[in-house]
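Good morning, colleagues. Today I shall speak about salt bridges, and I ask you to keep the model in view as I go.

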Amino acid sequence: MTTALPTLDRLNLADATILCRVDFNVPLKGETVVDDTRIRGALPTIRHLTSEGARVVIASHLGRPKGQKNPAMTLLPAAAKLAEHLETDVVFSHDTTGPAVADLVKELEPGGVLVLENLRFHAGEKGNDTGFAKDLAALADGFVNDAFGTMHRSHASITGVAAHLPGAVGLLVQRELEVLGSLIAASGSDNRHPFAAILGGAKVSDKIGVIDALSRRVDHLFIGGAMAYTFLAAEGHAVGESRVEEDKLELALRLLNRCKQRGVKVHLPSDHVVAERFAEDAEAKVVEEIPDGAMGLDIGPQTLSEWSRVLATCNTVFWNGPMGVFEWDSFAAGTRGIAERLAKLEGTTVVGGGDSAAAVAKFGLADQMSHISTGGGASLEFLEHGDLPGLAAIRSA
Ligand code: ADP
Ligand code: MG
């Protein structure tokens, strides 16, 4: 990062109107918010803005309405939930931009809050349309981005609008940057070490960039999940019917070689929980060599105990991607075991990724981690590049 990133104290808030981009992309069941974690995550910033006397215009996307109005993806339930948390009335605007919205904004008292309808009902949001960005900017005097999980996207409300208003990042984004930034800080001689990254999940292709970037920092790299089978296959191990990305075999070998050159100890699973079908009720068996016709669906108990022993010596651990199909009980032990090991660790433990965070929450261990990132793709992209389009836009405005 070159120039410093503006934070909330850089904006005039008293009596100003602030457009605040948040991540209210919450799961809905009918008109009920099923999980309000993301709404709670934005509260410190919203409370700060209102307590300083700003009029706050909240903007977010929800789901993938593809540029069309879709009543199943309205932000109205999220606005109601926000009102509940703030214990005040919140105005809801059924549109995102235009004179009628501007009138609603003008009627706000200092400290008042208005929530705009889903930004993605307008095609200009994902298309980063300049006109749409300008219309959003016209509603306010300043811009605050607290939507960390969307900051890797060049959308109108993330990068476009930042060009037209003085901007700052919110408190949630600041915390994410502190934690993730410390993982990739230039100095390698500090008490971060031993530093381990545990990577798993569905696909190698999603995570190549971050594996390469982290291999410049870490002492240990653990590779589990479906991803492990591409690496094992690349090394010539039998992997049966496990998920392998054939077109990534060469790349996997190159990554392994680069790790070796950089002095990173790579750990691949030495035993597996396999099944003959990809099904919740399939019979689970522990094996060291994967037989023909079987697929690896979790790391095995020997792998878990070897990895746990090494992890216990680490001062910093970053974890992204489940070790197996943790959604199914027969294949959840690896992911659960790693989560339990990290929960006991004295050092810093950072979890990133939607499914990894869901797994840690499912095992009731979320509050035992140092930090659970609210960004899946955004956290990985930040670790890879040390910056995000949404941050760069605010910095250069
Ligand atoms: P995150 O959201 O934490 O970044 P991913 O989206 O990359 O994680 O991967 C999560 C998915 O990977 C889970 O749904 C899990 O069931 C699946 N998965 C993990 N291990 C395996 C495996 N061995 N075979 C098939 N799927 C797997
Ligand atoms: Mg995922």
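Across the whole structure, a search finds 12 salt bridges, a salt bridge being a side-chain nitrogen of Lys or Arg within 4 Å of a carboxyl oxygen of Asp or Glu. The model is predicted, so local features need pLDDT of at least 70 and side-chain atom pairs count only at pLDDT 80 or more, while totals for chains, interfaces and linings use all residues. Side-chain values use heavy atoms, with hydrogens and water left out, and residues are numbered from 1 along each chain as its sequence is written.

I begin with helix α2, residues 76–86, which holds both Lys 81 and Glu 84, 3 residues apart, about one turn of the helix; helices here are DSSP runs of H or I with at least four residues, numbered from the N terminus. Their side chains form a salt bridge at 3.3 Å, N to O. Glu 84 is exposed, at 53% relative accessible area, where exposed means over 50%, buried under 20% and partly exposed in between, using a 1.4 Å probe and protein chains only.

Next, helix α3, residues 99–106, contains Asp 103 and Lys 106, again 3 residues apart, about one turn of the helix. This pair meets in a salt bridge at 3.8 Å, N to O. Asp 103 is partly exposed at 39%, whereas Lys 106 is exposed at 66%.

Finally, which residue does Arg 395 pair with in a salt bridge? The partner is Asp 387, with the closest N and O atoms 2.9 Å apart. Arg 395 is buried at 14%, and Asp 387 is partly exposed at 22%. Elsewhere, shared partners join Asp 212, Arg 216, Arg 258 and Arg 262 into one network of salt bridges.

Definitions and conventions
Chains lettered and ligands numbered in written order. Helix = DSSP H or I, 4+ residues; strand = E, 2+ residues; numbered from the N terminus.
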